[in-house]
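This report sets out the computed structural features of one protein model. Please keep the sequence and the coordinates at hand while reading.

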Amino acid sequence: MDLKLSSVNIHHIWHYPSSSSLSYLYHLRVEGCHNLKYLFPSFLVKHLVQLKILQIWDCNMMEQVIFTDGLGAEDQWRNHTIFSKLDLLSLKDLPKLTSFCFQNYSEFPCLTNLRLKKCPFLKAFISISVSRDEPRADHHLQASNLVHNSAVLNEKVVFPSLEKLQIQNCDSLEEIIEAQGLIADTSTTQSIVRETTTITFVFPKLIYLRLNKVPRLKSFCSRMHTTQWPSLKHMEVIECPKAHIFAPKCPKSQVEISNQQPLFCVNEDTFPVLEELTLKMNDMMKGICDGQLSLQCFPNLKLLNLHCFPETSTTLPYCFIQSLPKLQKLVINNASISEIVWSEGLSDKGRRTSAFYQLKELRLSKLPQLTLKTFQPSLLSFKKLTTLEVISCHGFIHLMACSTAKSLMLLERLSVADCEMIEEIIACEGEEIQGSIIFPKLKYLKLSGLPSLASFSSAHHSLEFPVLQMVMVTKCPKMRKFCQGDLSTSNLQQMHVARDEEDELWWEGDLNTTIKQMFQ
């Protein structure tokens, strides 16, 4: 049975303890019901044996999903598994939601997809509040009244089947898993919230993790802990400014308990199959750029996407880039870097091994300090590069040396845009080049917003583009000729030209003549 409630002006959905019809409920979506403070009273939860999809969206007054009256009527269900078949749980646009429920009996053995979005006061997915008068044996379930509950998951919540975890715009979250301690009695002056015992959290089936705009997030867990992600393939950490993303695992004796725990304590076993990593924020590179991480932390990484660290000059250690043997795509955007990799102190043996030898796509944008060193082939190999995109990199006078250009045998797309200082794409100063420079696979070439560009190359050498099909030239006012040497574009029959905000096709028999006529 599917039940969808939208914009219903009610304060309660279910009133009576006997609700056997709930046992047939498969999909429940509640949206725009602004008078609801909670969805289920606790005595009804036991009936949700078939519920697979639960979506709660845009309910302005919702404070809890499961409400308990504190009278103990729900205690008989505390040790029972509820939501036994729940597969998808989505909480979105709930401005007053503070927790999922207030008890310790919730488990989700079949949950594969958990989405939490725009819940600014969400402090705990499950908040445990146990009286200090209860027996000592239950103290491991108790939470000190002094503990600030700002977590999504409690350590008693297990997700053996979880595949996707997405948390976005949850402004009050400080940690992902809440492992609470307690003050044992009123005479005790020291909390045991931070025990010296290290906890290990394992998400055996999680494939996708996204943490987006969680401004107070500091760590995965405030206690000493490690995490294991044996199935994780895609991870994004975006605008979490208070989090230290990565730190190496180290012996407990070397860890200051008072220090903030990193989001991820990593070694070679933490992310064995991670393929895509996106990081966005100023401090995100701490742990990578300081060279602390093990050289084999991301053995299967194929995509590295780095955004927004413009305030501090940063360079990726060469040893880190070299340790990514399967990296195929690198994106760097809005950063203060003068070169991509830092090779100072590298041993002679390390210099003999090139980085980027599997790289196929390189996209660089808004890197005002980046210079020609990026494309010098002594340490970096671009032999398998198929796509090169450079946008708003104002430090370039030339994009690449002739020797680098000759190595781009697989390049299919080249786009250079909005680089104020660039005068030519290929520069051959001080190099002796034998034979032609050939781009045997290049099909697409775009030159746009380059006010200083005079030509593709000013050297007197031959350029060959045997399969070039499209050339786009926009806002290059100083460009009068494509190149000075011989030029072969046997497959090119037209050129896209933008003048006065209008795009038109132009062809005068060859590329040099077309560009010359274009500006006359």
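The account below moves from the whole chain to strand pairing, the nonpolar core, a helix and selected loop residues.

**Basis of the values**

The model is predicted: local features need pLDDT of at least 70, side-chain atom pairs count only at pLDDT 80 or more, and totals for chains, interfaces and linings use all residues. Residues are numbered from 1 along each chain as its sequence is written, and side-chain values use heavy atoms, with hydrogens and water left out.

**Overall composition**

The protein contains four helices and 36 strands. Helices (H or I, at least four residues) and strands (E, at least two) are DSSP runs, numbered from the N terminus. Of the 520 residues, 49% are buried. Buried denotes under 20% relative accessible area, exposed over 50%, and partly exposed the range in between (1.4 Å probe, protein chains only). The protein exposes about 23,600 Å², of which carbon and sulfur atoms supply 47%; accessible areas come from the Shrake-Rupley method with a 1.4 Å probe, and for residues only the protein chains shown count as cover. Among contacts (heavy atoms within 4.5 Å) between residues at least 6 apart in sequence, 81% join residues at least 24 apart.

Which residues of strand S14 (residues 208-212) are buried? Five of the five are, so the strand is largely enclosed by the rest of the structure. Tyr208, Arg210 and Asn212 point one way from S14, while Leu209 and Leu211 point the other way. Strand S11 has a covered face formed by Leu165 and Ile167, and its uncovered face holds Lys164, Gln166 and Gln168.

Two strands pair if DSSP finds at least two bridges between them. S11 pairs with S14 in the parallel sense over five bridges, and strand S8 (residues 113-117) runs parallel to S11, also joined by five bridges. S14 in turn pairs with strand S16 (residues 234-238), again parallel and over five bridges. The table lists bridge partners along this series.

| Residue | Partner | Strand of partner |
|---|---|---|
| Lys164 | Tyr208 | S14 |
| Asn212 | Ile238 | S16 |

**A three-strand sheet**

Another group of strands forms an open sheet in the order S29-S32-S34, with parallel pairing. Its edge strands are S29 (437-438) and S34 (487-488), each of which pairs on one side only. S29 and strand S32 (residues 463-464) share two bridges in the parallel sense, and Ile437 stands opposite Leu463 in S32.

**The nonpolar core**

A nonpolar core is a set of buried Ala, Val, Leu, Ile, Met, Phe, Trp, Tyr and Cys residues joined through side-chain atoms within 4.5 Å. The largest such core has 136 residues, and the members that touch the most others are Phe264, Ile426 and Phe456. Neighbours within four places in sequence aside, Phe264 is in contact with residues including Leu209, Trp229, Met235, Val237, Ile245 and Phe271. Thr227 and His244 are also among the contacts of Phe264.

**Helix H4**

In helix H4 (residues 511-518), the residues Leu511, Asn512, Thr514, Ile515 and Met518 are buried. Seen down the axis of H4, its buried residues fall within an arc of 165°, so they line one face of the helix; the arc is that of the directions from the helix axis to the C-beta atoms. At the start of H4, a side-chain oxygen of Asp510 reaches to within 3.1 Å of the backbone nitrogen of Asn512.

**Selected backbone and loop residues**

Ser7, although not a glycine, has a positive phi of about 55°. Ser7 sits in the loop between strand S1 (2-6) and strand S2 (27-31) and is exposed, with a relative accessible area of 58%. Asn334 is likewise not a glycine and has a positive phi of about 60°. Asn334 belongs to strand S22 (residues 329-336) and is partly exposed, at 25% relative accessibility.

A polar atom of the Ser172 side chain lies 2.7 Å from the backbone oxygen of Pro120.

Technical notes:
Polar contact = N/O pair within 3.5 Å; in protein donor to acceptor, adjacent residues only side chain to side chain.
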